[in-house]
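I am keeping these entries as a record of what I looked up, one topic at a time.

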Amino acid sequence: MKRITIKLAKWSLFLLLGAAVGAAALWYHLTVSLPDTFLVTEGSRLTFADLPFLSAKAPQGDAVAASAQRGDSYNAEIKLLGFLPVKTARVQVVQNKVVEVSGQPFGIKMFSDGVMVVGFSDIYTQGGYANPAKSAGLALGDTVHTMNGVAVRTNEDVKKVVEESGGAPITLEYTHQNKRYTAALTPVLQEGGEANAFRLGMWVRDSSAGIGTLTFIDRASGIFAGLGHSITDADTGESIQLLTGEIVPVTITGYTQSVKGSPGQLTGQFSPETAGVVARNDANGVYGQLNGLFSGAFSGEQAELCPMQEVKTGPAQILTTIDGKRPQLYNIEIEKLTYTAEDPNKNMLIRVTDQRLLSSTGGIVQGMSGSPILQNGRLVGAVTHVLVGQPQKGFGIFAENMMETVETLAEEKIVLQKSA
């Protein structure tokens, strides 16, 4: 009997130690992953729908939160299990946002601010193989803005500067990983090539096009938000630095199914008419303003925008278009949430549960990016990525993060300037 009692005491100690270690790990995770600022609507308190073991209170008492009006802000102490301090966050009281949820596909045409380096090709010269661009330090994904002080916007612009150089050194201004640099490189004459045809040893691209999904329209500002992630170059994966861009209506004509290891994609027919301008190609989506004539083509039902902390794991729906008809709702499951800003468009891990969508597309396909995610009638986010190894799964961004960019554009009046 005594031996049994000792064993039970040891197991109890192990369990207590394990619980303590688990609680410490959870506490640390929360301190680094929870944002410093939360938005709440008038009359609401800061609560965490998916983290019921967290509580938040203003030091001055609940009366502060209850009486706070739009534009007010206050500090709230977030605690684990009601007693263990996690962090103090700033709470900003905002207006209850209602947006027009779309789910309509659109074609995107973008022209970069310069030309993007998408490949290299060594040149055979009298002295052997050479590559001036590589030797000058350029890398895939870099964007060249000027050559000898002349702005280059197209492939033809680059070719003209090289031809006029006659083999003399050329000074480039370019962007590498969001920083500006200058470099000098000397074109070389290709052995056996055209007479007096000088080469730099790099391939460049000046535009991009594709299909995405429009997430919502903020009628108050006239700004649309879509895609949920930036438009990137197909060869380099680098975000395109926007010079000009436009969206056009597109009719979905079919799709290729997603299978393990190979994501499918929507295919469609672009309209020749411009439906709107793109003002920003941002890490969390593309944003712009619709042409008034096409405003109705992307319209949808109104829905309240849900703050991130009120989103919860569990059943939800995506609104997407996989044929030429109107968008349809399909059932999904939100499996995981993360509030960290390290990867702003991977806030939600989602899984398609709707057999209609699984049997047709295999899950998420390219072109669905931007499809609205709805939960309990509120807009909580947008689809952004498909998991290549598990196409029934993907990632989503919080709608709150997309609205933040919309409000920034509205304040700066950037969209109006672009469309003027």
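How many bridges join β26 to β27, and do the two run parallel or antiparallel? I found that six bridges join them and that they run antiparallel; two strands are said to pair if DSSP finds at least two bridges between them. Helices (H or I, at least four residues) and strands (E, at least two) are DSSP runs, numbered from the N terminus.

I noted what I was working with: this is a predicted model, in which local features need pLDDT of at least 70 and side-chain atom pairs count only at pLDDT 80 or more, while totals for chains, interfaces and linings use all residues. Residues are numbered from 1 along each chain as its sequence is written, and side-chain values use heavy atoms, with hydrogens and water left out.

**Entry: strands around β27**

I stayed with β27, and saw that a hairpin of two residues leads from β26 into it. Leu387 has Gln390 of β27 as its bridge partner.

**Entry: the cores**

Next I looked up the largest nonpolar core, which has 44 residues; such a core is a set of buried Ala, Val, Leu, Ile, Met, Phe, Trp, Tyr and Cys residues joined through side-chain atoms within 4.5 Å. Buried means under 20% relative accessible area, exposed over 50%, and partly exposed in between (1.4 Å probe, protein chains only). Met348 is listed among the residues with the most contacts inside this core, as is Phe48. The strands that each supply at least two residues of the core include β3 (73-80), β24 (348-352) and β26 (378-387). For Phe48 I wrote down contacts (heavy atoms within 4.5 Å) with Leu34, Phe38, Leu54, Ala56, Ile78 and Gln309, leaving aside neighbours within four places in sequence. Apart from this core lies another of 19 residues, among them Val162 and Leu172.

Thr146 counts as buried because its relative accessibility is 17%.

**Entry: salt bridges**

A search of the whole structure gave 10 salt bridges, each being a side-chain nitrogen of Lys or Arg within 4 Å of a carboxyl oxygen of Asp or Glu. In one of them, Glu310 and Arg378 have their closest N and O atoms 2.9 Å apart. This pair links distant parts of the chain, 68 residues apart, with Glu310 in the loop between β21 (302-304) and β22 and Arg378 in strand β26. Is Glu310 buried or exposed, and what about Arg378? I found both of them buried.

I then turned to Glu335 and Arg351, whose salt bridge is 2.5 Å from N to O. Glu335 lies in strand β23 and Arg351 in strand β24, so this pair ties together parts that are 16 residues apart in sequence. Glu335 is partly exposed at 30% relative accessibility, and Arg351 is partly exposed at 28%.

My last pair was Asp354 and Arg356, at 2.9 Å from N to O. Asp354 counts as buried at 7% relative accessibility, whereas Arg356 counts as partly exposed at 44%. I also noted that salt bridges with shared partners join Glu304, Glu310 and Arg378 into one network.
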